[in-house]
Amino acid sequence: MQRCLCNILTALALCWMATFTTAQEFGQTQSTILIINQDRFFTTSLYGQRVLQSFEAEQALLRTENRRIESELTDEEKALTEKRPTMQPDDFRAVADAFDRRVQEIRRIQNNKAEALLKQRELDQQAFAQRAQPLLITLMRDSSASVILDSRTVIMSADAIDITDAAVRRLNALIGDGSPTDATDQ
C-alpha cells in the first residue's frame, strides 16, 4: 500500500513538473497555483512607495506637532507649579484641574489624529488592492492559474510560481504611482 502511494505521488510530481517545464519553454509561468508576496507587491510598487512616503511624512508632522505641544504643556505646568505657593489651595486646585482636563483633551485629539492617519493608510492599501485586482486576474489567466496565494501562507513552493516581481513591473507600467495626476493613470 505504501509503495503504491509513493508511486502515485511520484507520478503526480512528474506530471506537474512536465506541465511546468513545457510552460516555461514558452516564457510564461504556467501553473494552477501562483503565489505573491502582498507586502512586497505593495511596498515595491510605485503606488505603494507613494502611499508609504505620504504616510511617513504625515507621521513626521504629527510627531513634530506632538513634541511642540509637549514642550508647551511642560512650560505651562512648570509655570503653574511656580505659582502654587502664591495661590490659595482651592484656587490652585481649580487651575490644576482645568490644566489636567485640557491635557486629556489634547491627548484625545492627538490620538484621534494618529488613528485617522493609520485608517487612511489602511484605506490606501485597500484602494491599491482594488486597483491591482484586474492586473492579478490577467496574470492568473495568462498563467492558466486557478488561484493566487499569499506567500506568507505557503510553506514551500517553486520560485517560478512567485509572480510578485512581474506583478510589480506590470502595475508600475499600468498605473505608475497611482496619483490622480500620474500621466500613466489617465
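View 1. The face of α5 turned away from its buried side holds Arg169 and Ala173, both exposed (over 50% relative accessible area; buried is under 20%, partly exposed in between, with a 1.4 Å probe and protein chains only). Helices are DSSP runs of H or I with at least four residues, strands are runs of E with at least two, and both are numbered from the N terminus. In this predicted model, local features need pLDDT of at least 70 and side-chain atom pairs count only at pLDDT 80 or more, while totals for chains, interfaces and linings use all residues. Residues are numbered from 1 along each chain as its sequence is written, and side-chain values use heavy atoms, without hydrogens and water.

**View 2. Buried side of α5.** Thr164, Ala167, Val168, Leu171 and Ile175 are the buried residues of this helix. They lie on the same side of α5 because their arc around the axis, taken from the directions from the axis to the C-beta atoms, is only 100 degrees. An α-helix has 3.6 residues a turn, so residues three or four places apart point the same way.

**View 3. Packing partners of α5.** The buried residues of α5 pack (contact: heavy atoms within 4.5 Å) against β1 (33–36), α2 (38–44), α3 (46–83) and α4 (89–142).

**View 4. Length and end of α5.** Helix α5 has twelve residues (164–175), and its end C-alpha atoms are 16 Å apart. Just after α5, glycine 176 has a positive phi of about 60 degrees.

Technical notes:
Expected span 1.5 Å × (residues − 1).
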